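Thanks for coming. I have one structure to go through today, and I will keep to side chains and what they touch.

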Amino acid sequence: MANPSSDIKEVLSQRIKEAEEVCVADSSSRECAVAWDEVEELSAEIAHKRVKQEDKKDPLEEFCKDAPEADECRVYED
């Protein structure tokens, strides 16, 4: 199964190429502006997903990586 993150990055790369091709003839055309707007929207989506993913990190896990001997990080087995 493909990684959705890599899929959207591939689409972004494709849209950039398309925008460059559209804008070769006339960089001030409406089609050129629309093409770069699509690139901007995809870039923003990637950034939002990255931030969301970073927000899901558990602060306790990060703390325990640095201080595994801390009381908060002890794991007890039954």
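When I say helix, I mean a DSSP run of H or I with at least four residues, and helices are numbered from the N terminus. On that basis V39 sits in helix α2. Before going on, please keep in mind that this is a predicted model.

Let me stay with V39 for a moment. Is V39 buried or exposed? The relative accessible area of V39 is 8%. The cut-off for buried is under 20%, so V39 is buried, at 8%. As for its surroundings, leaving out residues up to four places away in sequence, V39 touches L12, R15, I16 and A19. There is also a distance to S13: the two C-alpha atoms are 8.6 Å apart in space, while V39 and S13 are 26 residues apart in sequence.

Which residues make up the largest nonpolar core? There are seven: I8, L12, A19, A35, V39, L42 and I46. Both α1 and α2 supply at least two residues of this core, and the largest share, four residues, comes from α2. As general background, nonpolar side chains in soluble globular proteins tend to be buried together. Another member to look at is I46, which is in contact with I8, K9 and L12 once its neighbours within four places in sequence are set aside.

Now the loop. S29 is found between α1 and α2. S29 is buried as well, with a relative accessible area of 14%. What does the side chain of S29 reach? At 3.1 Å there is the backbone oxygen of D26. A polar atom of the S29 side chain also lies 3.2 Å from the backbone nitrogen of C32.

Next, charges. How many salt bridges does the structure hold? Four. Take E38 and R15 to begin with: they form a salt bridge in which the closest N and O atoms are 3.4 Å apart. This pair links distant parts of the chain, with E38 in helix α2, residues 30-55, and R15 in helix α1, residues 4-25, a separation of 23 residues. E38 is partly exposed at 38% relative accessible area, and R15 is partly exposed too, at 27%. The pair belongs to a network of salt bridges that links R15, E18 and E38.

The next pair is K65 and E62, a salt bridge with the closest N and O atoms 3.6 Å apart. Where do these two lie? Both are in helix α3, residues 59-66, three residues apart, or about one turn of the helix. K65 has 59% relative accessibility and counts as exposed, whereas E62, at 36%, is partly exposed.

R74 and D71 also meet through their side chains in a salt bridge, at 3.3 Å from N to O. Here R74 counts as partly exposed at 47%. D71 has 55% relative accessibility; exposed means over 50%, so D71, at 55%, counts as exposed.

To recap: a seven-residue nonpolar core, to which α1 and α2 each supply at least two residues, a buried S29 in the loop between them, and four salt bridges. That is what I have for today.

Notes. Residues numbered from 1 in each chain as written. Predicted model: local features only at pLDDT ≥ 70, side-chain atom pairs only at ≥ 80, totals over all residues. Heavy atoms only, no water. Buried < 20%, exposed > 50% of the residue type's maximum accessible area, 1.4 Å probe, protein only. Core = buried A, V, L, I, M, F, W, Y, C linked by side-chain atoms within 4.5 Å. Contact = heavy atoms within 4.5 Å. Polar contact = N/O pair within 3.5 Å; in protein donor to acceptor, adjacent residues only side chain to side chain.
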